[in-house]
Amino acid sequence: KLLTMAFNLSGIVNEEFKMMGLSLRGDAMTAVCAFLERSSADANDALSALLDALDTKGISSSIVQRETVDEVVAGLDKAAGPGAVAALLDYEDGITIVDAFKVPRYNYDSQRRVFHEVSKPPTINAEADSKIELYRERFLLLQQRILRNRMFVKPSFNCGAAIDRTYCELTPLTGLLGNANETRYVMGCLSQLEDDRYFLEDLTGQIQVDMSHAATTSGLYTENCIVVAEGEVRKDGVFEVRALGFPPAESREDTRSATNFQDFFGAGRLRPSDVARLEEQEAASTSDMFVVLSDVWLDKESTFTRLRAVFEGFDSLDVIPCMFVLMGDFTSQPFGPTHYDFAGYSRGFDQLAELLRDFPRLRQEARWVMVPGPGDPGVSAALPRPPLRPSLTGKLREALPRVTFASNPARVRFRSQDLVFLREDLQSRMRRNCLLPPVDLEDTSAAAKAARAKAAAAAKRSQAAVARAEAGAVARNSEGMA
């Protein structure tokens, strides 16, 4: 039986390494299996950590040697450290919280068509060309995605069913020269290089555009956004846009498959076997629940009255929520040049800590995430915003042993699902900078209607659950007073 288990483990390890284009020598395979067998975590999780460490190390050969495995394993054992038990406790709930400032950065190599992780540490004092690189990398990221889309891929053979398939071939902006009065499809970044004159830019050049008669898809078109346009070049050299839209979205599965399951989220690489296993766990855990609260004004007494009602309602359940997300602003008056009451701000978190001491079950078993809002104190109003400083959060860190003061936006992975919690009025900001009036095109398909009905029903169930929790808390308070 032990021999069979070892054989199955070796087969799984060999399959996972093959997916990364790697192969193991015999002694290296023995070292990997030994590490997985003695690991305190799940074998799949330990193997994922090992493969991620190998990927970060950047080995030069596709054949992994025993010395390389020993070096990586030693690093993983050292990283576990004395706090491994606490980390395992947080890992068992399937929740991983990622700081926005620690998300891995990748550059796309258009020649080899692969992503390379940026090893250079981020800095506040960036070089002058960093802004240019930002737009360049954003353009390459969308370009490699759109060139995989079936709508923009030219058929390989001009016969059979490929003859009837319609497609849109993208033309570089330099390819528009000498092609007047011919319909072309282009992709570029909308820029205002001159007053009241807008241009499309790509990596080859630029051209002035006229969007006054363009039909647009739904969305907000602002400066520096990347669009796909259909139109023709007029005799005066201006590209007259007939139709304007955004690059088509790509499913998560297609992106993972095309990028060799690269970890863009920052919570670790997920291979198909990992996703299938985590989805099974999600299907079995039907009672998992998140509670998300926004604009938690801790300088208002009414906020604590309502928080107590909510906490009492959830504390009375057989299975409590696995995570509470409290999002700012945490004060009713935003911080600014004329308002900077740091002492009052800290007292609000002290009062929240005192409130939570009445609910030991919620404090000990649930995860807590605090996301700052645009009006909370910080270094600047730019995104991402760093977590709240310890000097501002009072006694809350002591009251909640499993609290995480996250950045804004905060990334959270729950088993196989990737979630982003962002607190910012982006729609208002983008609406002020729209180049074209937005168009609301409602999807009237049966699938879209069913999805909207499902979302509306879920919202009603959530509101009813909160109402029942508050009503139960009020009833208990009334009985206690009687």
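This is a predicted model: local features need pLDDT of at least 70, side-chain atom pairs count only at pLDDT 80 or more; totals for chains, interfaces and linings use all residues.
**Exercise 1. Work out how much space the largest cavity holds and what lines it.**

Start with the volume: the largest cavity holds about 30 Å³. Here a cavity is a set of points on a 1 Å grid over the protein atoms alone where a 1.4 Å probe fits but cannot get out, and its volume is the space filled by probe spheres set on the points, joined across faces, edges and corners. Next, the count: searching the whole structure for cavities of 30 Å³ or more turns up 1. Then list the lining, meaning residues with an atom within 4 Å of a point: Met-19, Met-20, Asn-260, Phe-261, Arg-269 and Arg-271.

Residues are numbered from 1 along each chain as its sequence is written, and side-chain values use heavy atoms, without hydrogens and water.

**Exercise 2. Classify the ring pair Tyr-108 and Phe-115.**

Rings of Phe, Tyr and Trp (its six-membered ring) pair if their centres lie within 6.5 Å; planes under 30 degrees apart are stacked, over 60 edge-to-face, the rest tilted. The structure has 14 such pairs. For Tyr-108 and Phe-115, the centres sit 4.9 Å apart and the planes meet at 55°, so the pair is tilted. Now check burial (buried is under 20% relative accessible area, exposed over 50%, partly exposed in between, with a 1.4 Å probe and protein chains only). Tyr-108 comes out at 14%, hence buried, and Phe-115 is buried at 14% too.

Methods. On a 1 Å grid over the protein atoms alone, a cavity is a set of points where a 1.4 Å probe fits but cannot get out, and a pocket is an open set with protein on both sides within 12 Å along at least five of seven lines; lining residues have an atom within 4 Å of a point.
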